[in-house]
Amino acid sequence: LLGASGAPAPTIFEEMTALAQAHGALNLGQGFPDDEPPRPLREIAAAGIAAGANQYAPGSGILPLREAIAAHQERFYGLTLSPATDVVVTTGATEAIAATLLAFCTPGSNVVVLEPFYDSYGAIARLAGAELNPVPLHAPDFQPRLEDLEAAVDENTAVIIVNDPHNPTGARFTEATRRALVAAAQRSGAVLLADEVYEHLVFDGEHRPLAAVPGAFDRTVTVSSGGKTFSATGWKIGWATGPSDLISAVRTVKQFLSYSSGPAYQPAIAEGLGLPESFFRERAASLASRAVLLGDGLESTGATVFRPQAGYFVVADLAPLGVTDATALARRLPAALGVVGIPVGVFATPPHEGLYASMLRLAHCKREDVIVQATARLRDGLPSLASAQKG
Ligand code: PMP
Ligand code: GLN
């Protein structure tokens with residue numbers, strides 16, 4: 001977790017957001033939306049604070065939220081969960097991920113991740129004393145090769161992390177990939193950690209939870225969060241769901257991480273989970289159209305764009321512009337062009353970084369005018385910045 005100098009290193013998101021602020025740049029880096037949470041949710045949270053919901057919530061989360069999470073899993077996926085034993089509310093998906101990895105890893109365990117991967121997976125696996133075993137995803141569709149998966153998983157594998165829909169690529173995994181992941185977990189005895197925070201931001205068709213793959217449920221901890229679905233990333237209300245024995249282990253760790261999570265936000269997220277289908281459809285459609293806007297804009301720079309199927313982000317390969325090191329470029333972009341993006345290489349480990357070295361992730365969960373302005377700046381400035389970098 002330390003940087004090259006040995007001092008604690010800020011995450012890439014903090015570093016890039018600080019650059020955005022320092023240069024007044026358009027921040028298409030960190031994944032937080034320009035949208036506000038639905039008004040009724042904001043009113044519930046504000047009324048909660050005014051009415052005294054200011055002391056510790058129950059450690060597992062307030063019952064109405066656990067009921068709403070269970071009802072949501074039944075309504076959207078046909079998965080039946082007991083709010084009493086199969087659901088734990090966490091301080092964002094981040095805490096659910098940490099509690100799950102800490103619950104099931106011991107020093108020397110293997111954690112298999114599909115790479116590139118969200119930064120907290122590697123940090124927490126290392127805090128748990130585990131080794132990471134990354135399986136690279138390959139452009140353009142960002143699926144793993146099944147033989148790589150086969151080779152990565154062994155009897156030491158404690159957890160296989162499956163982030164679907166996927167950050168940073170916006171990919172969704174095929175049925176063949178999902179079945180292979182479940183089979184690998186069955187063979188090795190590993191727990192599946194399904195990070196599905198982008199479950200409602202699927203552009204075409206429906207999200208399919210990993211826990212619904214035949215044979216998966218009994219070994220799957222599913223993690224999600226109200227942050228992305230309800231445009232409330234700062235509220236940090238997440239959850240883990242699954243069979244009671246796994247959730248009991250997650251709950252045991254969670255109680256010593258944060259103990260409990262924001263009591264005023266919990267009834268607001270419970271309300272959100274019960275909103276009509278039209279809310280979820282409109283939210284996904286709004287992001288889908290902004291992904292097209294950003295993708296078209298990036299394509300007009302000459303970059304190769306991997307169109308996302310879900311989520312907050314578009315990945316562009318800048319290799320056609322002559323960029324070989326998108327990390328160096330990303331550090332110059334805020335000052336040079338007033339735009340912030342996140343290099344995809346930072347989500348990868350040294351053996352596979354090269355696969356993603358020329359790729360940049362840009363967030364489309366921003367206002368349309370911001371996307372239009374940012375892509376205009378890139379179209380005008382990127383070719384000469386890229387060739388200056390080459391020279
Ligand atoms: N997993 C993934 C894949 C994410 O992109 C994020 C948010 N950036 C999280 C987990 C963390 O979610 P939360 O903000 O609810 O902790
Ligand atoms: N999940 C967000 C992203 O990928 C950022 C979360 C964070 O800043 N830790 O951009």
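This is a predicted model: local features need pLDDT of at least 70, side-chain atom pairs count only at pLDDT 80 or more; totals for chains, interfaces and linings use all residues.
# Why is it called that?

Biologist: What makes strand 7 (residues 191–195) count as mostly covered?

Modeller: A residue is buried if 20 or more other C-beta atoms, placed from the backbone, lie within 10 Å of its own, exposed if 12 or fewer do, and partly exposed in between. Five of the five residues of strand 7 are buried, and the strand is therefore called mostly covered. In a regular strand the side chains alternate between the two faces of the sheet.

Biologist: Why does T11 count as partly exposed?

Modeller: T11 has 14 C-beta neighbours inside 10 Å, and therefore it counts as partly exposed. T11 lies in the segment before helix 1 (12–23), where a helix is a DSSP run of H or I with at least four residues and a strand is a run of E with at least two, both numbered from the N terminus. T11 and P38 are 27 residues apart in sequence and 29 Å apart in space, C-alpha to C-alpha.

Biologist: How do you know that strand 6 (residues 157–163) is joined to strand 7?

Modeller: Two strands pair if DSSP finds at least two bridges between them. Five bridges join strand 6 to strand 7, and so these parallel strands count as paired. In this pairing I161 stands opposite L193. Strand 11 (residues 313–317) and strand 14 (residues 359–363) are also joined by five bridges, but they run antiparallel, and V314 stands opposite L362 in strand 14.

Biologist: What makes strand 10 (304–306) and strand 13 (342–343) edge strands?

Modeller: The open sheet has four strands in the order 10-11-14-13, with antiparallel pairing. Strand 10 and strand 13 each pair on one side only, as edge strands do.

Biologist: Which residues are around ligand 2?

Modeller: The residues around ligand 2 are T11, F13, Q30, G31 and N167, a residue being near if its C-beta atom, placed from the backbone, lies within 6 Å. This shell has one nonpolar, four polar and no charged residues. Ala, Val, Leu, Ile, Met, Phe, Trp, Tyr, Cys and Pro count as nonpolar, Asp, Glu, Lys and Arg as charged, and the others, Gly among them, as polar. Around ligand 1 there are 14 residues, and the closest are G92, A93, T94, N167 and S225. Helix 4 (residues 92–104) gives the largest share of that shell, three residues, and by class the shell has three nonpolar, nine polar and two charged residues.

Biologist: Where are domain 1 and domain 2?

Modeller: The domain assignment gives domain 1 as 12–30 + 278–390 and domain 2 as 40–273. Their contact, with C-beta atoms placed from the backbone and within 7 Å, takes 24 residues from domain 1 and 24 residues from domain 2. Helix 11 (277–299) gives the most to the side of domain 1 that touches domain 2, with six residues. That side of domain 1 divides into 18 nonpolar, four polar and two charged residues.

Technical notes. Residues are numbered from 1 along each chain as its sequence is written. Chains are lettered from A and ligands numbered from 1 in the order in which they are written. Domain bounds come from an automatic or database domain assignment. Two residues are in contact if their C-beta atoms, placed from the backbone, lie within 7 Å.
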